[in-house]
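Subject: Structure for your files

Hello,

Here is the structure I said I would pass on. My notes on the ligand site and one of the pockets follow below it.

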Amino acid sequence: MTRITLASPDDFEGFRAAVRRLIAAGAPPESVVWQVAGADDDLLGNDAAVLANGPELRVAKAFPDLARRVICNRDPERFALLHRALVALQSRPKLLEDSADPLVRRLDMLAKAVGRDVHKMRAFVRFREVPDETGERFAAWFEPEHHIVRLNSGFFIRRFTTMRFSILTPGLCLHWDGETLSYTPGATRADVPDGDPIEATWKTYYANIFNPARLKIDAMTSEMPKKYWKNLPEAELIPDLIAGAARRTRSMIDASQADAATGPVATLRAEASACQRCALWRPATQTVFSEGPGDAVLMLVGEQPGDQEDLAGRPFVGPAGQLLDGALAEAGIDRARAYVTNAVKHFKFEQRGKRRIHAKPGIAEIDACHWWLDAELRAVAPKVVVALGATAARALTGKAVTISRERGRGTARPDGSELWITVHPSFLLRIEDPAAAALERQRFIADLRAIAARVAALA
Ligand code: URA
């Protein structure tokens, strides 16, 4: 029996060094006991040092990425499973492509569970202000299922670069002082003080973005297990919001006969949630896909999600969305019957202090995301497609477009649908002169009325 002791439960480098030696020494996976220093009751010592250094192993390109995630799973068998996979990869370099192989399936499931936990941490960490003698400082309490704190640290640092913060968890605590990342051992919930003004702001925001038609209590509790609720300030609003949801939903039900929550769009949405076609996925909270019926006659295409859309995971819920909702209503278009999406599915921004400032997507990002837009156009097959602004027009026509020259008329697209180009609602929000803003809003509504007429004619 060979005993290997790793420094921490997610000690990828330690695992990699040890497994190379084990394979070089020909130690069969079933003869190895893996343990974590300080975590296993029955520490048996460490034989890693007596094994000769091993050569670099031949591994499939996808293996290190997979292993980094699997290592973070709480499953005590993870090290042995990875060891087995590495041994097998020496003679079967394409093993990871065989998704029917039971070992590959198991590793995949472990990695996916870690991926889900990473996503939950990103979505459910809520900071509270805990100023100290040197000024503003934030702290959050979170209870991950797996050992994901280190794996997730880059995301929080990129997102909150200029903030000083700590994320406390039972297993490991992360600290960022604006320049340096450090870790300390696990903490308890009592180490993070309760409520502060940020919570009030957050609750208001949550109540505003709550969509009653999306309320599926079973799905909600599986996506946001109750164990997280106690740490979310907004959770105390949920009973009231649920109580009011039935009433608010009734008016939306008729409109969503073929909800995009099912069918081909749902498949696309699930696939896009892991999209890394360009670098925008990294700092963003999540992919913001689309909303609306999967067989809508009308498709509205915006530019990219903004700050609020990025947090809510829904398109057009922020200020531009509110302006759009009002204009659509005035033009006689029911938003719930339209398929609403964006040319780019991740929020691109520049961090300035605590604020995330919208940054225009580049051509490479628009082109990378075109893959999804194209798939949505094929899946939904709308009769009328509306480009809101220059980015959407570029994505839908493949070239730069002067909106003032194109607006007010439809043109045929190669798939037989009709393309209408108009301004982006954010353009209206940027106009400072009230009279000019009102005039432009009327022009926008006139465009939408013409579009409504085409939708009625073609439906
Ligand atoms: N602007 C967009 O183009 N899309 C959104 O979803 C929000 C703002």
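A pocket here is an open set of grid points where protein lies on both sides within 12 Å along at least five of seven lines. Please keep in mind that the model is predicted.

By that definition, the second largest pocket has a volume of about 440 Å³. Its lining is made up of 24 residues, and those nearest the centre are P9, R74, R78, H147 and G171. Two or more lining residues come from each of strand 2 (32–36), helix 3 (78–91), helix 5 (149–159) and strand 7 (181–185). Strand 2 gives the largest share, 3 residues. Both domain 1 (2–119) and domain 2 (125–191) supply at least three residues to the lining. By residue class, the lining of this pocket has 12 nonpolar, 7 polar and 5 charged members.

Now the ligand. Around the ligand are G302, E303, Q304, P305, G306, E309, P315, F316, N342 and H424. This shell splits into 3 nonpolar, 5 polar and 2 charged residues.

For Q304, a backbone N or O atom lies 3.0 Å from a ligand nitrogen. N342 instead uses a polar side-chain atom, 2.7 Å from a nitrogen atom of the ligand. On its own the ligand has 240 Å² of accessible area, and the protein covers 93% of that.

Regards

Definitions and conventions: Residues are numbered from 1 along each chain as its sequence is written. This is a predicted model: local features need pLDDT of at least 70, side-chain atom pairs count only at pLDDT 80 or more; totals for chains, interfaces and linings use all residues. Side-chain values use heavy atoms; hydrogens and water are left out. A residue is near a molecule or strand if one of its heavy atoms lies within 4 Å of it. A polar contact is a pair of N or O atoms within 3.5 Å; within protein, one must be able to donate a hydrogen and the other to accept it, and residues adjacent in sequence count only if both atoms are side-chain atoms. Accessible areas come from the Shrake-Rupley method with a 1.4 Å probe; for residues, only the protein chains shown count as cover. Ala, Val, Leu, Ile, Met, Phe, Trp, Tyr, Cys and Pro count as nonpolar, Asp, Glu, Lys and Arg as charged, and the others, Gly among them, as polar. On a 1 Å grid over the protein atoms alone, a cavity is a set of points where a 1.4 Å probe fits but cannot get out, and a pocket is an open set with protein on both sides within 12 Å along at least five of seven lines; lining residues have an atom within 4 Å of a point. Grid points are joined across faces, edges and corners, and a volume is the space filled by probe spheres set on the points. Helices (H or I, at least four residues) and strands (E, at least two) are DSSP runs, numbered from the N terminus. Domain bounds come from an automatic or database domain assignment.
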